[in-house]
Amino acid sequence: MAVTISTLESAREKVDAGERLDLEDGLALMESDDLLALGELADLARRLRGGTDDVYFVQNLYLNQTNICRIKCKFCAFARTERQQGAYLLSPAELAEDALRQHELLGFTEIHMVGGEHPGLDFSYYVDAVRTLKEALPAVHLKLFTASEIHHMTTLSGLTHEEVLRELRDAGLGSLPGGGAEIFADRVRRLVAPGKEHPDIWFEVHRTAHRLGIPTHATMLYGHVETYEERVDHLLRLRALQDETGGLLAFVPLAFHPENTVFERRGWTFTAGADDLKIIAVSRLLLDNVPNLKAYWISLGMPLAQIALHFGANDVQGTLVREEVFHAAGGRAGTEQKVEELVRVVEAAGRVPVQRDTLYNELRRWGE
Ligand code: SF4
């Protein structure tokens, strides 16, 4: 216990002095069980770096162009093979029709779309999908395709990452979501996603996007086989990328959901709430250069996401209409929140709800 206290004190001294925490600090924080002290320290760090009481959310629609995927990540309950029951591939016109219908009902400002790595598509399908969505809803920001999908498009087309990203950007792509990162450590990658490309590719895609003026997001899928050290390593690699490019808008820790995956058959269960909050706090403390940290309520559940606002998070993501990926793995939080409910949750946490667009421009503010 004495070790924990002195560790937190030494981290606090660094935070107070505006000094950067290192690998050892990160490990010590991960090992600490003093959850409330971690939360308080993370919130302090957030404020010292200019954070306010503002908590952001966006009105967004989730689309998945296909669930057909050539890879079999062990944590995935979403993917299907082409012949499996429930496999689908939507045409660009079907995607746009669906988005238009939902937009009439809900008026979202962002489409978040990711999907499986369909082995039989042409790159032109992706360009068409972006262009058709943009033409249908020109004012809506298109946050589409993980780094893995971008890489898959280079294999389908023979183009480079830069060429693929340029074409997508010119068709209307606004930013990349952060998926495909999982845990960067080779050991973990081999165990949970052996068919996925090397983690260096994730960095190359994001670095290239930043160079082309396409901002991106970053994730970490935690709560399976990774060690504390591998979590800290993941965060520090992201911090180094951000030092280099400054192109990351936000970091999103994603709690692993085992339902309908091989891990459920091994008796695994959901992450503990204490671990979820610890990840939020340590992420905020280590990622001193990434402006926004999301408490992704679809993965955490809304009550825990609300508490996470006192552990360093400043964003509750969004209305998330029709999220399917976490839902397939037993996400317990439903798939849609109305704006009024998000506002209520943020206000009940003692914070100020601010509706934003994808690039964190303020659209509406409550309570002042
Ligand atoms: S996580 Fe993505 S790449 Fe992996 S199997 Fe699922 S859909 Fe495919």
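Q: Which residues surround the ligand in this predicted model?
A: The ligand is surrounded by Cys-69, Ile-71, Cys-73, Phe-75, Cys-76, Phe-78, Ala-79, Gly-116 and Lys-196.

Q: How do you know how the shell around the ligand divides into nonpolar, polar and charged residues?
A: Cys, Ile, Phe and Ala count as nonpolar, Lys as charged, and Gly as polar. The shell therefore divides into 7 nonpolar, 1 polar and 1 charged.

Q: Why is H2 called roughly antiparallel to H12?
A: The axes of helix H2 (residues 23-31) and helix H12 (residues 273-286) come within 10 Å and cross at roughly 160°. Angles over 145 degrees count as roughly antiparallel, so H2 is roughly antiparallel to H12. The crossing of these two helices is right-handed.

Q: What makes the contact between H2 and H12?
A: From H2 come Gly-26, Leu-29, Met-30 and Glu-31, which meet Lys-278, Ile-279, Val-282, Leu-285 and Leu-286 in H12. The residues of this contact divide into 6 nonpolar, 1 polar and 2 charged.

Q: Why are H3 and H12 called roughly parallel?
A: Helix H3 (residues 35-48) packs against H12 at an angle of about 30°, with the axes 8 Å apart. Angles under 35 degrees count as roughly parallel, and H3 and H12 are therefore roughly parallel to each other. H3 passes H12 in a left-handed crossing.

Q: What makes the contact between H3 and H12?
A: On the H3 side, the contact is made by Leu-35, Leu-38, Gly-39, Leu-41, Ala-42, Ala-45 and Arg-46. On the H12 side, Ala-274, Leu-277, Lys-278, Ala-281, Arg-284 and Leu-285 take part. Together the residues of this contact divide into 9 nonpolar, 1 polar and 3 charged.

Q: Why is Glu-182 called buried?
A: Glu-182 has a relative accessible area of 7%. Buried means under 20%, so Glu-182 is buried. Its place is in the loop between helix H7 (161-171) and helix H8 (186-192). Glu-182 also has a positive phi of about 45°, although it is not a glycine.

Q: Is Tyr-360 buried or exposed, and how do you know that?
A: The relative accessible area of Tyr-360 is 14%. The cut-off for buried is under 20%, so Tyr-360 is buried. Tyr-360 is found in the loop between strand S9 (352-356) and strand S10 (362-365). Phi of Tyr-360 is near 70°, a positive value in a residue other than glycine.

Methods. Residues are numbered from 1 along each chain as its sequence is written. This is a predicted model: local features need pLDDT of at least 70, side-chain atom pairs count only at pLDDT 80 or more; totals for chains, interfaces and linings use all residues. Side-chain values use heavy atoms; hydrogens and water are left out. Helices (H or I, at least four residues) and strands (E, at least two) are DSSP runs, numbered from the N terminus. Buried means under 20% relative accessible area, exposed over 50%, partly exposed in between (1.4 Å probe, protein chains only). A residue is near a molecule or strand if one of its heavy atoms lies within 4 Å of it. Axes are lines fitted to C-alpha atoms, for helices over the stretch in contact, and angles run from 0 to 180 degrees between N-to-C directions. Angles under 35 degrees count as roughly parallel, over 145 as roughly antiparallel, 65 to 115 as roughly perpendicular and the rest as oblique. A crossing is left-handed if the near helix is turned anticlockwise from the far one by less than a right angle, and right-handed if clockwise. Contact means heavy atoms within 4.5 Å.
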